[in-house]
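Subject: Structure handover and notes

Dear colleague,

Please find below the structure I promised to pass on to you. My notes on it come after the display, and I would be glad if you read them beside the coordinates.

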Amino acid sequence: MGVLFLCPPMPHYTLPRRAFLAAALSSRARVTGSALPPDSPLTLWYRQPASRWDQALPVGNGRLGAMVFGGVEAERLQLNEETLWAGYPRNCNNPAALRNLPEVRRLLFEGRELEATALASKTMMGVPDRIQSYQTLADLLLEMPGLDEVSAYRRELDLDTAVATTSFVHSGARHTRQVFVSPEQAIVVRLACDQPGRVSARVRLHRAQNAFCTADPADPRRLILRGQLTAIEPRSGQDLGLRFEARLEAAATGGSLRAGDGALTVEGADELILYIAAATSFRTRSVEGVVSAHISQARALPFPELLRRHTAAHQVYFRRVSLELPAHPELSTLPTGLRLERVKAGGRDESLAALYFQYGRYLLLASSRPGTLPANLQGVWNEHFNAPWNSDYHTNINLQMNYWLSGAANLAECQLPLFDYMDSLAAPGARTAKVHYGAKGWVVHHLSDIFGFTAPADGIWGVWPMGAAWLAQHPWEHYQFTGDRDFLEKRGFPLMQGAAEFILDFLVEAPAGTPVAGMLVTAPSHSPENRFRKADGMVAMFTYAATMDIAICRDLLQNCVAASKILGADPEFRRRCDEALKRLPPLKISPRTGRLMEWVEDYDEPEPQHRHVAHLFALHPGGQISPRLTPELAAAARKTLDARSDKSTGWSTAWKMNFWARLEDPERAYRLWTMLITTCTLPNLFDTHPPFQIDGNFGGTAGIAEMLLQSHAGEVHLLPALPSAWSEGRVKGLRARGVFEVDMAWKAGKLVQASIRSLRGNPLRLRARWPLAVTSSGRLVRARAENGVLLFDTAVNRIYQVTPA
């Protein structure tokens with residue numbers, strides 16, 4: 001018979017979760033003395049425990065995550081399992097949408113936006129038009145009585161090993177706690193001391209709702225937390241909420257280990273290792289069996305081997321890339337929080353950018369591995385039952401931004417979960433395309449969950465059927481960075497083609513009397529979440545042919561044409577894409593402001609500094625605007641960004657950083673980097689919207705890569721936006737489209753040497769601000785110069801050395 005702990009069967013638990021945790025984790029220990037800095041420069045470290053969630057340190061393996069607070073006498077690890085979402089698969093499609101689509105379009109084309117908005121709000125939204133939240137799994141609570149005063153306290157996250165460590169000295173003994181998430185699908189926690197018999201702890205699992213926890217007196221090693229989320233299907237009354245389980249097993253060396261009062265108590269041990277596994281019924285009916293198997297896999301290995309396997313699995317990806325930027329010796333010994341505070345106060349710390357870059361790569365590895373779900377708005381880390389924006393998948397930039405770094409930062413495998421997720425949306429998205437628009441192919445609107453939600457959600461801004469078309473950029477990008485033809489044929493092109501089939505059916509000819517009469521346009525349309533003001537003062541957001549829509553359509557159809565040619569596939573489909581491309585409206589510059597027009601007409605904006613800069617999709621992540629190929633459009637993009645201003649939310653600041661890098665303006669890109677780190681970064685280097693959203697971390701990491709290397713314009717451009725603050729440095733392992741791996745060193749703002757490995761033997765177009773000479777195996781490579789670019793053929797796996805001529 002198990003012992004009930006803390007959370008009786010729902011819904012009778014009444015103590016507020018935050019109040020419980022505040023009581024459990026109120027810090028009493030006094031910390032004296034200063035710990036030495038860690039040896040590795042790729043470490044986030046602090047000299048005090050975290051007092052808030054956004055100060056804790058994240059560990060994860062894509063499927064499981066934990067936030068480590070580093071408490072002394074009371075420790076908290078907030079736990080996540082990637083599939084623990086409220087809700088269930090539903091048919092939310094609205095048959096009224098298709099019946100009313102012609103009238104909505106007519107009203108929009110006639111300039112009667114508010115009437116179209118009212119009609120679409122009544123007839124085109126999903127039923128229901130809301131999704132539910134990704135949720136926290138549980139908290140692991142450790143109480144270590146007697147640790148009233150400690151010295152040399154240090155809390156750290158080593159990005160190179162993916163291990164979070166808390167260490168301190170108490171009564172002459174050094175205590176160490178290590179936390180990591182293993183490939184065996186277990187969160188592993190090790191408590192140790194350099195003197196025998198000094199490890200004592202009370203161990204509990206806690207969840208404030210929908211769960212209960214038992215400790216089995218017959219097995220003093222184990223705690224089991226089980227529960228089910230509430231999700232009542234209205235017609236049947238059946239509860240379809242996910243079942244879940246978290247299991248903890250303990251292994252102590254020396255001392256005693258017993259169960260009682262819903263907890264495990266360890267006294268006088270030399271070492272204590274905790275193994276936590278978790279699963280939900282999202283993928284399996286045998287939740288208990290999966291959890292048991294994962295615990296057994298982890299416990300079968302000695303701790304040193306478990307740690308070695310974990311580190312090796314992480315470093316095979318993480319160590320592909322290194323980055324060094326100008327170091328400040330007086331700052332290298334400061335804790336990360338103090339470094340951040342100094343930068344926010346106006347100090348300079350360029351090596352913090354290198355740490356931030358590698359932290360972004362670390363976070364993607366920890367939240368998106370092959371076989372897992374893709375990273376959501378918070379990666380895999382979330383302490384809420386109802387998270388901000390549900391910690392969902394927003395597909396009007398945020399999910400896409402999560403993966404901008406994957407190609408250039410040499411983490412292509414981390415993007416595979418995105419393609420798995422797109423596969424899971426294709427079938428429900430095809431039903432929505434048919435029911436709402438009478439179209440073939442598949443569609444996603446501005447957000448989704450893990451249950452296949454593809455209908456319009458939240459409000460009129462949700463009637464934006466471009467999510468799948470934007471997502472379909474990513475399989476093509478993956479191919480460009482990897483050259484994986486098998487992927488393109490079997491996975492990438494089918495996803496792209498399905499999204500394009502929807503676009504080809506959804507596009508409609510604009511009628512006479514409109515500014516784009518006779519052209520193919522999207523209708524209805526939005527510039528995501530932004531509004532416009534017409535000459536009569538009327539304000540709306542619902543329209544047709546918004547600039548972003550057309551740019552996404554052009555990007556998708558061009559990529560489909562290119563993929564079709566590479567594969568020799570479906571020439572009729574390719575012809576239809578080509579024909580549609582000829583009829584899309586061009587990007588337009590406002591004669592009034594000189595900026596790129598955001599809508600089909602030259603409207604004013606009620607909120608000129610809106611966080612979304614959707615109409616610059618063609619600049620980034622698209623490649624339709626560039627300083628050399630389209631200088632007039634590039635100049636209009638600059639004016640657009642100037643008018644939008646630099647200050648914004650975290651993810652928007654990161655996007656603007658990428659824009660300025662694409663415009664090859666190093667100092668402006670650096671200014672945006674400075675704003676990102678000073679105004680949008682939390683103590684643990686998480687990005688804040690506010691609140692925390694991980695897309696800003698990933699977008700900022702991508703922005704640093706864009707400043708150092710670009711390859712979107714059919715050429716590999718070395719140091720295209722190198723700011724004066726980064727006048728000296730080196731980088732190894734960046735990837736370029738065309739499947740090249742690039743190492744570079746520079747000094748005094750100029751390239752010293754680059755090494756380029758051709759992984760597929762593709763021809764190379766090479767650009768830099770300086771004349772270049774190229775050698776391979778000690779011999780000069782015959783290259784042709786053309787408009788500032790060197791052109792030459794390459795061989796598979798051949799390395800080419802590049803130096804200033």
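The notes below go from the whole chain to single strands and residues.

This is a predicted model, in which local features need pLDDT of at least 70 and side-chain atom pairs count only at pLDDT 80 or more, while totals for chains, interfaces and linings use all residues. Residues are numbered from 1 along each chain as its sequence is written, and side-chain values use heavy atoms, with hydrogens and water left out.

Overall picture

The protein has 19 helices and 36 strands, where helices (H or I, at least four residues) and strands (E, at least two) are DSSP runs numbered from the N terminus. Its radius of gyration is 27 Å, close to the 28 Å that the globule rule gives for 805 residues, so the protein is as compact as a globular protein of that length; the radius is taken over C-alpha atoms, and the rule is 2.2 Å times the number of residues to the power 0.38. Along the principal axes, the C-alpha atoms fill a box of roughly 85 × 75 × 50 Å.

Of the 805 residues, 63% count as buried (under 20% relative accessible area, with exposed meaning over 50% and partly exposed in between, for a 1.4 Å probe and protein chains only). Among contacts (heavy atoms within 4.5 Å) between residues at least 6 apart in sequence, 69% join residues at least 24 apart.

Strands

An open sheet of 7 strands runs in the order β19-β28-β29-β30-β36-β32-β33, with antiparallel pairing; two strands are taken to pair if DSSP finds at least two bridges between them. Its edge strands are β19 (322–324) and β33 (779–780), each of which pairs on one side only. Within this sheet, β32 (residues 772–776) and β36 (residues 798–804) run antiparallel and are joined by 4 bridges, with T775 standing opposite Q801 in β36.

Elsewhere in my notes is a hairpin formed by β4 and β5, with 3 residues between the two strands, and G62 in its turn has a positive phi of about 95 degrees. The pairing of β4 with β5 (residues 64–68) is antiparallel over 4 bridges, and G60 stands opposite G65 in β5.

Loops and backbone geometry

The bond from A523 to P524 has omega near 5 degrees, and P524 lies in the loop between β23 (520–521) and β24 (532–533). The bond that joins H689 and P690 is also cis, with omega about 0 degrees, and P690 lies in the loop between α18 (666–679) and α19 (695–708).

N210, in the loop between β12 (199–206) and β13 (211–215), has a positive phi of about 60 degrees although it is not a glycine, and it is buried at a relative accessible area of 11%. S391, in the loop between α7 (351–367) and β20 (393–394), likewise is not a glycine and has a positive phi of about 50 degrees; S391 counts as buried, at 0% relative accessibility.

Finally, D570 in the loop between α14 (547–567) and α15 (571–582) is partly exposed, with a relative accessible area of 33%. Leaving aside its neighbours within four places in sequence, D570 is in contact with Q497 and S564.

Best regards
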